[in-house]
Amino acid sequence: MARAATTSDVFNAVAEPCRREIIGALADRERSVGELVETLRLPQPVVSKHLAVLRAVDLVGVRNDGRRRVYRLEPAALVPMEEWLSGLRRTWSDRFDRFDALLAELQDGGS
């Protein structure tokens with residue numbers, strides 16, 4: 001099966017470590033490209049390329065502030081990931097609950 005394009009899927013977009021760093025930097029406040037370059041110590045073209053990918057999947061938004069472009073995190077785009085992870089959490093929680101019950105049963109039966 002072919003892999004989805006990075007720009008069409010939130011999961012693929014956040015698979016790249018630099019993009020996760022950008023998301024982390026934007027989590028606490030809006031930042032310009034220059035601020036991201038300074039904060040992350042990455043070259044400006046690299047930051048701009050990754051911001052374009054994150055914008056394409058709606059993970060970041062942008063507004064003009066004079067001549068600067070200011071980027072912000074759009075957390076609603078993370079909802080599909082949260083829903084997927086939530087399902088995994090429920091599955092593993094249920095499995096651990098069943099395992100705990102089995103252990104308790106074995107301990108009671110062994111007394």
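Biologist: Where does Ser32 lie?
Modeller: Ser32 is in strand S1, which covers residues 31–32. Strands here are DSSP runs of E with at least two residues, helices are runs of H or I with at least four residues, and both are numbered from the N terminus. Before we go on: this is a predicted model, where local features need pLDDT of at least 70 and side-chain atom pairs count only at pLDDT 80 or more, while totals for chains, interfaces and linings use all residues. Residues are numbered from 1 along each chain as its sequence is written, and side-chain values use heavy atoms, with hydrogens and water left out.

Biologist: Okay. Is Ser32 buried or exposed?
Modeller: Ser32 counts as buried, because its relative accessibility is 7%. The cut-offs are under 20% relative accessible area for buried, over 50% for exposed, and partly exposed in between, with a 1.4 Å probe and protein chains only.

Biologist: And what does Ser32 touch?
Modeller: Leaving out residues up to four places away in sequence, Ser32 touches Arg68, Arg69 and Val70. A contact means heavy atoms within 4.5 Å.

Biologist: Let's switch to charges. How many salt bridges does a search of the whole structure find?
Modeller: Six. The criterion is a side-chain nitrogen of Lys or Arg within 4 Å of a carboxyl oxygen of Asp or Glu. In general, side chains of opposite charge can pair when their charged atoms come close.

Biologist: Which residue does Arg68 meet in a salt bridge?
Modeller: Asp65, at 3.3 Å from N to O. Arg68 is partly exposed at 39% relative accessible area, and Asp65 is partly exposed at 36%.

Biologist: What about Arg72, which residue is its salt-bridge partner?
Modeller: Glu74, with the closest N and O atoms 2.8 Å apart. Arg72 has 27% relative accessibility, so it counts as partly exposed, and Glu74 is partly exposed with 27% relative accessible area.

Biologist: How far apart are Glu83 and Arg72 in space?
Modeller: They are 22 Å apart, C-alpha to C-alpha, and eleven residues apart in sequence. Glu83 lies in helix H5 and is exposed, at 54% relative accessible area.

Biologist: Which residue pairs with Arg29 in a salt bridge?
Modeller: That one is Glu35, and the closest N and O atoms are 3.4 Å apart. Arg29 is partly exposed at 41%, and Glu35 is partly exposed at 25%.

Biologist: Now the rings. How many aromatic pairs does the structure hold?
Modeller: Two. Rings of Phe, Tyr and Trp (its six-membered ring) pair if their centres lie within 6.5 Å; planes under 30 degrees apart are stacked, over 60 edge-to-face, and the rest tilted. Phe11 and Trp84 have ring centres 5.7 Å apart and planes at 85°, so that pair is edge-to-face.

Biologist: Where do Phe11 and Trp84 lie?
Modeller: Phe11 is in helix H1 (residues 10–13) and Trp84 is in helix H5 (residues 79–109), so the pair ties together parts that are 73 residues apart in sequence. Phe11 counts as partly exposed, at 33% relative accessibility.

Biologist: And how are the rings of Trp92 and Phe96 arranged?
Modeller: Their centres are 5.9 Å apart with the planes at 40°, so that pair is tilted. Both residues lie in helix H5, four residues apart, which is about one turn of the helix.

Biologist: Which residue lies over the face of Trp92?
Modeller: Arg95, at 4.8 Å from the ring centre. To count, NZ of Lys or CZ of Arg has to be within 6 Å of the ring centre and within 35 degrees of the ring normal. Trp92 itself is partly exposed, at 44% relative accessibility.

Biologist: Last topic, backbone. What is phi of Arg41?
Modeller: Phi of Arg41 is near 55°, a positive value in a residue other than glycine. Arg41 sits in the loop between helix H3 (33–40) and helix H4 (44–56) and is exposed, at 74% relative accessible area.

Biologist: And where is Asp58?
Modeller: Asp58 is in the loop between H4 and strand S2 (60–65). Asp58 has a positive phi of about 65°, although it is not a glycine, and it counts as exposed at 53% relative accessibility.
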